[in-house]
Amino acid sequence: MAHTIRTFNAARLVVGVHGAGLANTVFCSPYAAILELGLPEPEFIEYRHLAQQLHLHYAVSQLPPASFESRLWPRPNVIAQAAEALLDAAIPLPLSSSSSSSS
């Protein structure tokens, strides 16, 4: 359990399928980013509420409404784009030395 706590606490981005494993996000540092691979049913919003209470950045990438088996194979490019957008919104880029110095 200690390893799990340290791992989630150090994470800047957690990507996971809707389920019990995302409960470990309670160990994330504030302002970490959580990308849930969510189910299309609207009642599955527990992790959005959890993220709000813990001051975590949150986004969901909906898995397609199809058979259970097809939900197990999300498209990697869609997940990568969603993760990139979430990180862009959640973690501001540091100022470069040239833009932070006054002339």
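**Group meeting: a walk through one predicted chain**

Some ground rules. This is a predicted model, so to speak of local features we need pLDDT of at least 70, and side-chain atom pairs count only at pLDDT 80 or more, while totals for chains, interfaces and linings use all residues. Numbering runs from 1 along each chain as its sequence is written, and side-chain values use heavy atoms, with hydrogens and water left out.

How confident is the predictor? On pLDDT, the per-residue confidence from 0 to 100, the chain has a mean of 78, and 78% of its residues reach 70 or more. Helix α1 (residues 2-10) has the highest confidence, at 93, and helix α5 (residues 97-100) the lowest, at a mean of 42. Where pLDDT is low, the predicted coordinates should not be read in detail.

Now the fold. We have five helices and three strands, which are DSSP runs (helices H or I, at least four residues; strands E, at least two) numbered from the N terminus.

The strands form an open sheet, ordered β1-β2-β3, with parallel pairing; pairing takes at least two DSSP bridges. Because β1 (13-17) and β3 (57-62) each have a single partner strand, one side of each lacks a neighbour in the sheet. β1 pairs with β2 (residues 33-38) over five bridges, and there Val-15 sits opposite Leu-35.

Note on methods. pLDDT = per-residue confidence, 0-100.
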